[in-house]
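Open the model in your viewer and have the selection tool ready. The stops below go from a helix pair to some aromatic rings.

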Amino acid sequence: MHELTLNDLKSAIRDVPDFPIKGIVFKDITTLLRDGNLFAEAVDYMYDHFREKEIEVIAGIESRGFIFGTALAYKLNIGFVPIRKPGKLPAEKISEEYELEYGTDQLEIHRDAIKKGQRVLLVDDLLATGGTAQAAARLIEDLDGDLVGIAFLIELSFLNGRKALKDLDLISLIQYDSE
Ligand code: AMP
């Protein structure tokens, strides 16, 4: 059914050591995205998992979550709502703070982005510690959305981010057990 395997997808991810700061191995997805077959397959694998889950809207996390989130929303024929960094959304919004390695950051969503009880799928490119996804999940819950699942392209399994997101239908297409 799939022309390419998940290993093919993994082979297309580029490791960039010491970006954006020393000690981080950055998982660069641009080398996957530039190839039409790889990009389409990645979206199709996510689609296969969630197509029967009656998802009503996709929430994507800025900015790489927008890339997979919008493609998947189009494929599922449903809408997309952006979860953005502070100060970007123009209308009435709510915020959630989350911990970074140094300090804190925030994510925001429009107050009217999600209807009460709506079945939501969260999408981002990469799960590391899970702080970002947890903050995004709280935003959806604050709006009384029904968060059904979370889809990531990449999971850094050794950081155990999945633990912080238990009870959700969480998938990742590519896993790394160590840096
Ligand atoms: P976290 O909140 O720790 O799960 O971090 C997830 C967010 O940070 C995602 O939006 C990722 O895009 C980004 N991120 C964290 N670590 C990496 C990494 N090693 N390579 C690329 N992006 C990363």
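Which residues in helix 3 meet which residues in helix 4? This is a predicted model, so treat each stop as a look at a prediction.

Select helix 3, residues 36-50, and then helix 4, residues 64-76. On the helix 3 side, show Phe 39, Ala 42, Val 43, Asp 44, Met 46, Tyr 47 and Phe 50. They meet Ile 67, Phe 68, Ala 71, Leu 72, Lys 75 and Leu 76 in helix 4. Colour this contact by class: 11 residues are nonpolar, 2 are charged and none is polar.

Now hide the side chains and look at the two axes. The axes of helix 3 and helix 4 are 10 Å apart, and the helices pack at an angle of about 60°. The two helices are therefore oblique to each other, and their crossing is right-handed.

Next come the aromatic pairs, of which the structure holds 3. Select Phe 19 and Phe 26: their ring centres lie 5.1 Å apart and their planes stand at 85°, so this pair is edge-to-face. Phe 19 is partly exposed, with a relative accessible area of 44%. Phe 26 also counts as partly exposed, at 22% relative accessibility.

Move on to Phe 66 and Phe 80. Here the ring centres are 5.7 Å apart with the planes at 85°, so the pair is edge-to-face. Phe 66 belongs to helix 4 and Phe 80 to strand 4, residues 79-83, so the pair ties together parts 14 residues apart in sequence. Is Phe 80 buried or partly exposed? Phe 80 is partly exposed, with a relative accessible area of 25%.

Terms used:
Residues are numbered from 1 along each chain as its sequence is written. This is a predicted model: local features need pLDDT of at least 70, side-chain atom pairs count only at pLDDT 80 or more; totals for chains, interfaces and linings use all residues. Side-chain values use heavy atoms; hydrogens and water are left out. Axes are lines fitted to C-alpha atoms, for helices over the stretch in contact, and angles run from 0 to 180 degrees between N-to-C directions. Helices (H or I, at least four residues) and strands (E, at least two) are DSSP runs, numbered from the N terminus. Angles under 35 degrees count as roughly parallel, over 145 as roughly antiparallel, 65 to 115 as roughly perpendicular and the rest as oblique. A crossing is left-handed if the near helix is turned anticlockwise from the far one by less than a right angle, and right-handed if clockwise. Contact means heavy atoms within 4.5 Å. Ala, Val, Leu, Ile, Met, Phe, Trp, Tyr, Cys and Pro count as nonpolar, Asp, Glu, Lys and Arg as charged, and the others, Gly among them, as polar. Rings of Phe, Tyr and Trp (its six-membered ring) pair if their centres lie within 6.5 Å; planes under 30 degrees apart count as stacked, over 60 as edge-to-face and the rest as tilted. Buried means under 20% relative accessible area, exposed over 50%, partly exposed in between (1.4 Å probe, protein chains only).
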